[in-house]
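The following paragraphs lead through the aromatic pairs of a protein model and then turn to the surroundings of its ligand.

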Amino acid sequence: MELFEKCRRFTAARKLMAAGYYAYFQPVASAQEPEVTVNGRRMIMAGSNNYLGLTTHPLVKEAACLAIERYGTGCGGSRFLNGTLDLHEELERKLARFKGREAALVFSTGFQTNLGILAALGGKGDLLVTDRWDHASIVDGCRLAFGETRRFHHNDMADLERALSESRGRGTLIAVDGVFSMEGDLANLPEIVRLARAYGARVMVDDAHATGVLGKGGRGTPEHFGVEQEVDLVMGTCSKALASIGGFVAGPAEVIHFLKHRARSLMFSASLPAPCVAAISAALDVIEAEPERRERLWENARLMKRELTAMGFDTGASETHIIPVILREDRLAFRFWKLLQQHGIFCNPAVSPAVPKGRALIRTSYMATHTPEHLERILTAFRKVGKRLGVL
Ligand SMILES: Cc1ncc(COP(=O)(O)O)c(C=O)c1O
């Protein structure tokens, strides 16, 4: 087949566009706030990962502007060569302290962080053990690694143990999302760390959706479960509660030192620009200074879970600010999404491969800055659309 033939044969997205059900790449012409402007219309945002609303916090914006004044807009190279700023190192010290670890390393995205960690640590002869619902960046990181990968059924601890029983003394890393990105449920960390110790494996938690949100101090799922000491590596992104873009890993100094010299997605890619680094650093300060934001987010999340479930929607095992409305069929998810749009609600439909086949859903996520009126408008729209499509 001629190389580009696959592009001509790829019709799935065009069919959705022609039918008016294409939900992706919608240009938002405003900040990621509870109300956004899309195609000239004001809509309620119920699909942003700006969980604490910090992308528009005055201190965060000011820090970014000041950093541009001093350092300019880009670093002109990778961390490894000319692109490490004093700001990166300051942020790494801050992140290590925040996560209670010896050291941390900042990458340019969370995706690159997972690629870098897994490909570097999962060497020949090693075993990487992952949950089937882990994020695509963990899946792809395992693909890049020379070691073997075993995937266990989602949060199925007997299946995890089966995978670990194959480790037979190999260097083994269990890598799981702390909060699963589509359904907002939590990894069973207490059991995972118990099995890890029993089989001599290390544990890495991807806390993309939990950093700044879960745990009393916002330190993430290990803090939430009281197992911080038992988790070896914590990875996170700066593109969600941390209000910018970027990723990091925090853990023992010797591992961070190794990753600095072996993580190819860090060494061979340009570093995070100063305004982003400064914004993340300021966001961390706000997270520590304003715990009430986290409390408001949890109030919003609990209310939405309670109300959506009481209406009769299947909201799965979500325990967090990410709440799915599980519809199962792709067509239904797209029809549901379109009607929500018509009611002025911005949400994201998720179909395979973002979710397992037969588990299509509308992913909703909440922010500390949603007011009771915003949430009421979202609930009213879900009730109307659910009735109209016969889901309720
Ligand atoms: C669980 C998880 N890990 C990693 C990433 C990648 O992070 P980033 O957007 O910073 O590349 C995401 C992004 O959605 C995620 O949900």
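The structure holds 5 aromatic pairs, a pair being two rings of Phe, Tyr or Trp (its six-membered ring) with centres within 6.5 Å; planes under 30 degrees apart count as stacked, over 60 as edge-to-face and the rest as tilted. The rings of Tyr 22 and Tyr 24 are edge-to-face because their planes stand at 85 degrees, with the centres 5.5 Å apart. This is a predicted model, in which local features need pLDDT of at least 70 and side-chain atom pairs pLDDT 80 or more, while totals for chains, interfaces and linings use all residues. Residues are numbered from 1 along each chain as its sequence is written, and side-chain values use heavy atoms, without hydrogens and water.

Tyr 22, at 22% relative accessibility, counts as partly exposed, and Tyr 24 is partly exposed at 29% (buried is under 20% relative accessible area, exposed over 50%, partly exposed in between; 1.4 Å probe, protein chains only). A tilted pair is formed by Phe 336 and Phe 382, 5.6 Å centre to centre and with 40 degrees between the planes. Both Phe 336 and Phe 382 are buried. Together with Phe 334, Tyr 22 and Tyr 24 form one aromatic cluster.

The side chain of Asp 206 places an N or O atom 2.6 Å from a nitrogen atom of the ligand. A polar side-chain atom of His 209 lies 2.6 Å from a ligand oxygen atom, and for the side chain of Ser 239 the distance from an N or O atom to an oxygen atom of the ligand is 3.2 Å.

Note on methods. Polar contact = N/O pair within 3.5 Å; in protein donor to acceptor, adjacent residues only side chain to side chain.
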